[in-house]
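Biologist: Can you walk me through this model? I would like to go from the overall layout down to single residues.

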Amino acid sequence: MTGKNIIKYIENWAPKEIAWVKDNVGLQVGSPNKKVKNILISLDLTNNVVDDAIKKNCNFIITHHPLLFRPLKKIDLQNDNNSILIERIIKNDITIYSAHTNLDYVKDGVSYQLAKRLQLSGLNFLVRLKSNQSKLIVYVPHEFSSKVSDAIFEAGGGIIGEYSNCSYKSSGVGTFIGSSKTHPKVGQNEVLQNVNEMKLEIIIDNWQLNNAISSMIKAHPYEEPAYDVIQLGNDNSRFGIGAVGILEKPLNPQEFLNFVSEKLRIKNFRYNGGIKKSISKVAVCGGSGAEYINDAIKNNADAYITADIKYHTFQDYKNDILLIDAGHYETEVVSLDEIKRRLTLYKKANNSSIKIFKYKGSTNPVKFFNN
Ligand SMILES: [Zn+2]
């Protein structure tokens with residue numbers, strides 16, 4: 001099993017194309033073509049994580065936060081810690097791969113795992129991603145319509161939420177005259193043809209469009225299939241930011257704070273007073289999600305858990321919603337178990353004997369001082 005196989009599997013779940021446009025997800029250092037010995041999963045890459053990888057014979061490390069985020073201007077092995085870390089990674093023949101905002105924006109990704117840790121049910125995204133889909137419209141003779149739609153479904157088209165193989169078919173008549181150089185499947189060249197055709201309409205994520213068009217052309221009987229591509233502004237129900245769901249039973253604010261502390265295993269976190277007497281609907285966003293507070297309110301959430309909330313933000317919303325800053329690391333680290341669970345299924349399905357480890361130490365740069 002190579003790094004490429006692992007990357008393909010992860011990106012099937014969390015496509016890198018959905019990542020924030022300024023993010024740097026994917027391969028960070030190393031070669032994806034090398035055979036993977038064992039895998040280590042960590043939120044961040046530090047020297048301690050590399051130590052652990054070497055100890056456990058892992059030559060493939062998956063991190064959430066990209067190692068390379070700002071452009072490297074030089075590799076200064078004298079003064080720059082990041083450069084020294086990169087040298088160490090290369091010398092030890094380790095490949096580093098990061099799934100960052102693509103893992104944030106996918107179902108069962110970072111925010112969904114945070115929501116599941118709080119046992120929220122009926123989960124939905126807080127904000128759906130939008131304008132990343134197209135509609136592929138193809139005109140095809142009746143008897144070939146299923147073959148062509150199947151080819152597009154196979155290439156990832158026709159998925160709407162939990163529904164697959166979604167298409168719309170309508171009947172009509174296609175007309176054409178092929179020049180003397182053509183070999184029409186129906187009729188003969190230089191003669192006007194009227195053919196009973198289906199208009200096939202299928203939605204598809206933009207990054208799968210080119211592949212779907214190639215598959216469609218392969219399955220289509222015509223020399224020159226007629227098709228249209230229309231960019232959509234729709235919400236994409238499969239990808240979004242944050243998550244919102246319902247607690248198993250309503251809790252009063254004090255009970256809820258205790259519950260959050262217990263479920264996230266954190267002793268210290270910041271919150272505002274809030275005005276709700278009972279907490280039932282809860283919104284979450286792993287990592288820095290303060291910009292989505294209004295979306296939590298719009299979703300009628302009684303509480304919103306995220307991280308990196310500023311003082312004045314706590315102040316501004318104190319009469320609107322119970323805001324909890326549970327820590328950047330603390331709200332994201334919960335997602336590592338899901339990566340491990342999925343990779344374990346994948347290696348079992350492929351009869352691979354590689355081992356998958358989650359980094360046991362903490363990479364949280366934030367410490368709490370207790371006097
Ligand atoms: Zn983060």
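Biologist: Fine. What kind of model is it, and how many helices and strands are there in the protein chain?

Modeller: The model is predicted. The protein chain holds 12 helices and 17 strands. Its C-alpha trace spans about 90 × 55 × 40 Å along the principal axes.

Biologist: What share of the residues counts as buried?

Modeller: 37% of the 371 residues. As for contacts between residues at least 6 apart in sequence, 73% join residues at least 24 apart.

Biologist: Which domains does the assignment give?

Modeller: Domain 1 is 3–99 + 334–358, domain 2 is 110–128 + 240–326, and domain 3 is 132–232. The centres of domain 1 and domain 2, taken over C-alpha atoms, are separated by 30 Å.

Biologist: Now the six-strand sheet. What is the strand order?

Modeller: The order is S5-S12-S14-S15-S16-S13, in an open sheet with mixed pairing. At the edges are S5 (121–124) and S13 (270–271), each of which pairs on one side only.

Biologist: What packs on that sheet?

Modeller: Helix H5, residues 110–117, packs on the sheet and touches S5, S12 (243–251) and S14 (279–288). The direction of H5 makes about 140° with that of S14. Helix H8, residues 253–263, also packs on the sheet. H8 touches S12, S13, S14, S15 and S16, and its direction makes about 120° with that of S12.

Biologist: Back to the pairing. Do S5 and S12 run parallel or antiparallel, and what about S12 and S14?

Modeller: S5 and S12 run antiparallel and are joined by two bridges. In that pair, Asn124 stands opposite Val244 in S12. S12 and S14 are antiparallel as well, over five bridges, with Gly245 opposite Val282 in S14.

Biologist: And which sense for S15 with S16?

Modeller: Parallel, over four bridges, with S15 covering residues 303–307 and S16 covering 322–325. Thr306 stands opposite Asp325 in S16.

Biologist: Changing topic: which residues of helix H6 are buried?

Modeller: In H6, residues 145–154, the buried ones are Val148, Ser149 and Ile152.

Biologist: Why do they end up on the same side of H6?

Modeller: They cover an arc of only 95° around the axis, so they sit on the same side of H6. In general, an α-helix has 3.6 residues a turn, so residues three or four places apart point the same way.

Biologist: What covers them?

Modeller: The cover includes strand S7 (133–141), strand S9 (193–205) and helix H7 (209–219). Just after H6, Gly156 takes a positive phi of about 105°.

Biologist: Last topic, the largest nonpolar core. Which residues touch the most other members?

Modeller: Ile39, Ile61, Leu126, Val282 and Ala303, out of 72 residues. S14 gives the largest share of this core, five residues.

Biologist: Where does this core lie relative to the domains?

Modeller: Domain 1 and domain 2 both give residues to this core, so it lies between them.

Biologist: What does Leu126 touch?

Modeller: Leaving out residues up to four places away in sequence, the contacts of Leu126 include Gly240, Ile241, Gly242, Ala243, Val244, Ala283 and Cys285. Tyr292, Asp295, Ala296 and Asn299 are also among them.

Terms used
Residues are numbered from 1 along each chain as its sequence is written. This is a predicted model: local features need pLDDT of at least 70, side-chain atom pairs count only at pLDDT 80 or more; totals for chains, interfaces and linings use all residues. Two strands pair if DSSP finds at least two bridges between them. Two residues are in contact if their C-beta atoms, placed from the backbone, lie within 7 Å. Axes are lines fitted to C-alpha atoms, for helices over the stretch in contact, and angles run from 0 to 180 degrees between N-to-C directions. A residue is buried if 20 or more other C-beta atoms lie within 10 Å of its own, exposed if 12 or fewer, and partly exposed in between; C-beta atoms are placed from the backbone. The arc is that of the directions from the helix axis to the C-beta atoms. A nonpolar core is a set of buried Ala, Val, Leu, Ile, Met, Phe, Trp, Tyr and Cys residues joined through C-beta atoms within 7 Å. Domain bounds come from an automatic or database domain assignment.
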